[in-house]
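Here's a quick briefing to read with the model open beside you. Take it topic by topic and click along as you go.

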Amino acid sequence: MKASDLLVKALEAEGVEYIFGIPGEENLDFLNSLKGSSIKLILTRHEQGAGFMAATYGRLTGKAGVCLSTLGPGATNLVTAAAYAQLGAMPMLMITGQKPIKASKQGQFQIVDVVDMMRPLTKFTHQISSAHNIPARVREAIRNAEGERPGAVHLELPEDIACEETDSQVIARSSFDIPHATDHSIAAAVEMIESARHPLLLIGAGANRKRFSASRGVFIKKTGIPFFSTQMGKGVVDERNPLFLGNAALSSNDYLHRAIEETDLIINVGHDVVEKPPFYMEQGGFKVIHVNYITATIDPVYYPQQGVIGDIASSMERLTKRITPQKSWDFSRFMEVKAHLNRHLLEGAEDERFPVYPQRLVADVRKVMPDDGIIALDNGVYKIWFARNYRAYGPNTVLLDNALATMGAGLPSAMAAKIVHPGRRVMAICGDGGFMMNSQEMETAVRLGLDLVVLILKDDAYGMIKWKQANMGFDDFGLDYGNPDFVQYANSYGATGHRLESAVSLIPLIEECFNTAGVHLIEVPVDYSDNDRILNSDIKEQSQRI
Ligand SMILES: Cc1ncc(C[n+]2csc(CCOP(=O)(O)OP(=O)(O)O)c2C)c(N)n1
Ligand SMILES: [Mg+2]
């Protein structure tokens, strides 16, 4: 068999459904081998878009998403997506081409050491130098990508290896269970929780990974222990739950942190330090139990005293079974803080000003999204509003990146979500800055016939940085730009462009878009004038008064 055919067979044996990417001449054998394969090639307009889609496919399915590029420039275009998958714990395999490694007549033309370039961004990076090894290298790459903690991996297939003949055979996927935490660590955690006065549960990104879903919420139901979420832990437990205290969109000085001040023990399920800290540990302060697949990475703000290391679902089931709710537990302060926060979250939700107030935008989007609807956020200041004010009802229904926190992933990640969940409503929410970083994928979305709604929050600026600039006492400088006419821009791709004209028309307009097939872009002018006051001062001052 030809090596590139064997690579395709090996990927099929892994259950790969899609390859996102852009081939170059060095991938032509591989491309030809994909003809007639069960794997669907999704051609994109930039490798970064392909990488974001592959990573999001991995995030939603637990199976490695696969992306493809040529050597040199194609591979360098994948690096941001590699970092996105690696930091965000999303299983992703990148396959890149390379010039012949045995004999080449092209000097160093287009040659970058891609294997080395990917090293700090991946769990495994390897040049395939013999067709015979393809099955083992693919298995090893996927094992690394999908194993906890998931991340990015890379295989390079040089042109001359791709056309080698081999009689090597595909290696089937291994079957195994993730190890379970020891009885000893479960018992130690139970003892700590039972003897705490004000225990508090944190749900982080690791809990949003696929395997945990079965036991969601049961621990909270039995114990009555209140919980909060990190940005990437949103939705694991329905945030309408009366014991939900809020989202740690900010690291400190929010209402939620008044509750955290009161706790003596945080049971941290699935958060790791790659996410922006939901709280800061201090010597002599509250203790932390780290419930995760792997031990905690220690940081000046995070050094848990007890680990419960193993499959998170199993750990939570066993903790739930063994724990006895205690009369000495006192959650009254937590619930007091929650009541204040809830009042604050309602502020602005019905504000009629135009351009639209961010709080109104969040409230309206929540109203049009069904329980299983997915919003995919790019990176900008609105991400804080959505993380903090939008209640997530189900796992992975709020796709945001609070790890690399890159701009440009909003549209591609929404596209991947729609591919994985074609029956659900999916909305991309992007700033005018982040959207323009991968707006070319509008063509891909239209070509694929996806039904998508894309909100573009237009402030004609890198608003998030303006907010920080104001917070740091600097003058307003250097962050404004112009924009294309987004309606015409969308239409030129064969999508349908809409311009929001008033706050009250937002809900009917989004409904109309979801009820009409195809890709819809809505330009939403936003009023960010209160961001600085509310997020930098009011929340801090008002929460101090509770
Ligand atoms: C690729 C990348 N470049 C730069 C940044 C730094 N950054 C974070 S948010 C932001 C501005 C986002 O602007 P926009 O998308 O318009 O959203 P807004 O905050 O204005 O709503 C910038 C420049 C980043 N996170 N990622
Ligand atoms: Mg902007």
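Predicted model: local features only at pLDDT ≥ 70, side-chain atom pairs only at ≥ 80, totals over all residues.

Residues are numbered from 1 along each chain as its sequence is written, chains are lettered from A and ligands numbered from 1 in the order in which they are written, and side-chain values use heavy atoms, with hydrogens and water left out.

**Magnesium and ligand 1**

- The magnesium ion (ligand 2) has Asp432 (OD), Asp459 (OD) and Ala461 (O) as its protein donors, at 2.0 to 2.2 Å. Donors here are N, O and S atoms within 2.8 Å of the metal (3.2 Å for Na, K and Ca), and since water is not among the atoms, sites may look incomplete.
- Along the sequence, the donor residues of this ion follow the spacing D-x26-D-x1-A. Asp432 sits in helix 17 (residues 432-437) and Ala461 in the loop between strand 16 (452-458) and helix 19 (463-471), so the pair ties together parts that are 29 residues apart in sequence.
- Helices (H or I, at least four residues) and strands (E, at least two) are DSSP runs, numbered from the N terminus.
- Asp432 and Ala461 are both buried. Buried means under 20% relative accessible area, exposed means over 50%, and partly exposed is in between (1.4 Å probe, protein chains only).
- Ligand 1 has 20 residues around it, and the ones that come nearest are Asp432, Gly434, Gly463, Met464 and Tyr528. A residue counts as near a molecule or strand if one of its heavy atoms lies within 4 Å of it.
- Asp432 turns up here too: an N or O atom in its side chain is 2.7 Å from an oxygen atom of ligand 1.
- Ala461 has a polar backbone atom 3.0 Å from an oxygen atom of ligand 1, and for Gly463 a backbone N or O atom lies 2.6 Å from a ligand 1 oxygen atom.

**A buried aspartate with no salt bridge**

- Where is Asp160? Look in helix 8 (residues 159-162).
- Asp160 is buried yet has no salt bridge, and Lys102, the nearest side chain of opposite charge, is 5.2 Å away. On charges, Lys and Arg count as positive and Asp and Glu as negative, while His and the chain ends are not counted.
- A salt bridge is a side-chain nitrogen of Lys or Arg within 4 Å of a carboxyl oxygen of Asp or Glu.
- The backbone of Lys102 does meet this aspartate: its nitrogen lies 2.8 Å from a polar atom of the Asp160 side chain.
- Setting aside neighbours within four places in sequence, Asp160 is in contact (heavy atoms within 4.5 Å) with Pro100, Ile101, Lys102 and Ala103.

**Salt bridges**

- How many salt bridges does the structure hold? There are 36.
- Asp272 and Arg149 pair up at 2.7 Å, N to O. This pair links distant parts of the chain, 123 residues apart: Asp272 is in the loop between strand 10 (265-269) and strand 11 (287-292), and Arg149 in the loop between helix 7 (134-146) and strand 6 (152-158).
- Asp272 counts as buried at 17% relative accessibility, and Arg149 is buried with 18%.
- Arg240 bridges to Asp238, with the closest N and O atoms 2.8 Å apart. Arg240 is partly exposed at 43%, as is Asp238 at 23%.
- Arg424 and Asp372 meet at 3.9 Å, N to O. Another link between distant parts, this pair is 52 residues apart, with Arg424 in the loop between helix 16 and strand 15 (426-431) and Asp372 in the loop between helix 14 (358-368) and strand 13 (374-377). Asp372 is partly exposed at 36%.
- Asp351, Arg353, Asp527, Asp530, Arg533 and Asp538 are joined in a salt-bridge network.

**Covered helices**

- Helix 16 (residues 410-420) is mostly covered, with 10 of its 11 residues buried. Among them are Leu411, Met415, Lys418 and Ile419.
- In helix 15 (residues 382-389), 8 of its 8 residues are buried, including Trp385, Phe386 and Arg388.

**Gly246**

- Gly246 is part of strand 9 (residues 244-247) and counts as buried at 1% relative accessibility.
- Not counting residues up to four places away in sequence, Gly246 touches Phe227, Phe228, Ser229, Leu256 and Leu341.

Technical notes: Polar contact = N/O pair within 3.5 Å; in protein donor to acceptor, adjacent residues only side chain to side chain.
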